[in-house]
Amino acid sequence: MGAELLLAAAVTLGLAVFVAPPRVARRGLFTRGLVGLAGMAAMLAAPSLDLVLLILLGMIVLQAGSAVPVAGPVPRRDFATRLRAPILAIALLALGLAFERVQGPTVLERFGVVGIVAGLVAAVGLLPYVHEFDPDESVIASPIPWIAFVGPLLAVTVLSRARQVIPAEASDAFGAMLIGLGLVNMLWGSVASWRTAGDAAAWRYSFMADWGLVLCGFGLAIADGQAAALILLVSIVLGRLPLYLLSREAIREKHPTDRPINLVVAALLAGSAPFAGFPARVLLLRGATQLYWPLALVLAVGMLLWLPAALRLGRSMGMPRGRQAVGAAIVLAVNIVLGLYPQPFLALAGL
Amino acid sequence: MFVAAALLAWLGASLIVLSDGRRGLALGLAVLTVGFAVLTWPSGAVLGASAVAAGGAIASVQCWRSGPATWGIMPAGSTPRVVLCVGSGVLALWVAASVTTGPGAPLRFAVLVVLGLMGVRVLAGRETAVLLAAIACLALALAVAPGVAAASAGPVPDIAGGLVAAGVVVLRPAGRAKADKLGG
């Protein structure tokens with residue numbers, strides 16, 4: 001799964017550099033993106049979770065150190081604030097891993113599972129470890145694009161490596177925790193994205209909602225759930241992230257529009273047909289029905305909450321022009337292809 | 001010897017939790033490095049132990065040379081930190097020696113206590129030097145952690161951990177600037 005996500009991240013980096021507004025230093029964006037890609041490739045190649053955590057640690061410190069705080073009397077996110085949540089994630093993951101490795105009572109295995117799930121949730125900035133963010137921060141410094149860029153591959157790597165060390169008796173608890181946290185984040189993210197005051201915050205919550213569905217997919221631990229999670233991760237990297245980058249200009253200038261393009265973008269963000277989010281949602285509902293039908297009911301109700309938030313986010317993108325319009329067209333086209341023909345992509349990932 | 005090394009690792013981590021000055025942090029890093037280098041020996045052999053020792057030594061020297069030249073060990077209001085160090089040590093000792101079974105109790109103790117203390121230090125700290133020293137220790141703990149499971153984890157995690165520990169303390173966070181120039 002990881003190689004596909006790495007490729008998707010590379011495409012998104014190219015797109016982000018292409019559509020960046022003229023005042024943005026494209027070279028800086030590209031260089032930092034390449035460093036991120038190199039780190040992701042190293043994580044993918046790492047033979048153990050310990051090495052993945054060490055690579056992640058290096059990337060986090062590099063990102064936090066190179067990011068320039070917003071000018072002002074008191075920066076909202078200084079160096080210490082940038083480090084706090086990611087380092088907590090690494091410490092939790094490492095503690096969870098240590099508990100899984102030691103010989104002892106079964107309760108330690110459960111503690112290990114709690115550590116791994118909590119660490120993963122903290123790494124991707126979900127409830128209850130939401131990262132502090134500043135709407136005025138640059139793309140390079142903000143945690144939102146970084147989590148959407150690196151997070152999918154990190155999640156896939158951590159979960160695949162963690163399943164190798166988690167014993168079969170604890171795997172049910174592992175799945176249940178992923179589903180529970182996934183539902184909470186899905187509901188919280190979609191409602192907050194709809195009701196929150198600022199558009200930048202609304203985008204941030206919309207990422208949380210998507211991640212909630214991803215966690216539910218991974219928690220189902222059956223082929224449909226895994227396939228749904230993978231498509232959702234790709235749609236975060238190749239859909240929501242580039243659209244978020246495209247919308248930043250309009251959010252800064254406070255120029256929401258109500259044109260057909262905004263409606264199409266809203267449809268993509270809501271996961272409606274024919275975009276990539278649709279087959280993912282169908283697979284997720286099918287998997288949940290196989291496992292426990294009331295879960296499918298809760299998921300279906302939760303998915304309806306995407307609609308008002310997606311309409312709001314679609315409007316916030318404004319009217320893309322020039323390079324941005326080309327970028328938006330590419331994003332829409334890629335998501336349509338993924339939505340109509342997900343099978344070749346899933347086969348490539350071995351699902 | 002391994003019990004003494006584990007206690008050194010705890011002592012080093014406690015010094016980092018209790019210190020605000022660069023000298024205290026550097027001393028804590030050095031003590032912790034000695035403990036971890038000894039504990040790495042069974043799983044990482046000479047190469048692994050050397051990598052951990054070199055990484056920790058570079059981090060310690062760099063820490064000694066940067067920032068105001070003070071020890072800053074146990075400044076006023078440090079009682080909660082002392083309680084944290086003692087409490088986490090007792091808890092980790094109980095888990096490593098009593099709750100869990102099998103060989104390698106000193107390594108289990110050292111890994112658990114250092115991961116916990118450094119996680120808390122980063123969460124509670126604000127000064128760059130403190131944060132970087134804590135992260136270097138965290139990297140060393142991650143490097144030796146595979147030894148908890150297998151005696152033949154190999155030297156690769158140790159080398160990676162040593163590199164990260166040596167690399168992070170060199171970093172100096174960027175200053176403030178206008179966001180417009182860097183990514184809109």
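This briefing walks through the fold of chain A, the contact between chains A and B, and a few spots in chain B worth a look on screen. Please keep in mind that the model is predicted. Chain A has 15 helices and zero strands, and its contact with chain B takes 48 residues from chain A and 44 from chain B.

**Chain A overall**
- Along its principal axes, the C-alpha atoms of chain A fill a box of roughly 60 × 45 × 35 Å.
- Of the 351 residues in chain A, 59% are buried.
- Taking contacts in chain A between residues at least 6 apart in sequence, 76% join residues at least 24 apart.

**Helix α3 of chain A**
- Helix α3 of chain A covers residues 49-66, and its 18 residues should span 26 Å at 1.5 Å a residue.
- The end C-alpha atoms of this helix are 25 Å apart, in agreement with that expectation.
- Because 14 of its 18 residues are buried, α3(A) is largely enclosed by the rest of the structure.

**Where chain B touches chain A**
- Chain B contributes 44 residues to the contact, and α4 (105-124), α5 (128-144) and α6 (156-168) of chain B each supply at least two residues of that side.
- The largest share of this side, eight residues, comes from α4(B).
- Sorted by class, the side of chain B that touches chain A has 28 nonpolar, 10 polar and six charged residues.

**G125(B), in a loop**
- You will find G125(B) in the loop between α4 and α5 of chain B.
- G125(B) counts as buried because it has 20 C-beta neighbours inside 10 Å, and 20 or more is the cut-off.
- Leaving aside residues up to four places away in sequence, G125(B) touches A80(A) from the other chain, along with V130(B), L131(B) and A134(B).
- D20(B) is 105 residues from G125(B) in sequence, yet the two are 9.2 Å apart in space, C-alpha to C-alpha.

**The α5–α6 pair of chain B**
- The axes of α5(B) and α6(B) are 8 Å apart, and the helices pack at an angle of about 175°.
- That angle is over 145 degrees, so α5(B) is roughly antiparallel to α6(B).
- Residues of α5(B) in this contact include L132(B), I135(B) and A139(B), and those of α6(B) include P157(B), D158(B) and V164(B).
- By class, the contact of α5(B) with α6(B) has 13 nonpolar, two polar and one charged residues.

Methods
Residues numbered from 1 in each chain as written. Chains lettered and ligands numbered in written order. Predicted model: local features only at pLDDT ≥ 70, side-chain atom pairs only at ≥ 80, totals over all residues. Contact = placed C-beta atoms within 7 Å. Helix = DSSP H or I, 4+ residues; strand = E, 2+ residues; numbered from the N terminus. Nonpolar A, V, L, I, M, F, W, Y, C, P; charged D, E, K, R; others polar. Buried ≥ 20, exposed ≤ 12 C-beta atoms within 10 Å, placed from the backbone. Expected span 1.5 Å × (residues − 1). Axes fitted to C-alpha atoms, helices over the stretch in contact; angles between N-to-C directions. Parallel < 35°, antiparallel > 145°, perpendicular 65-115°, else oblique.
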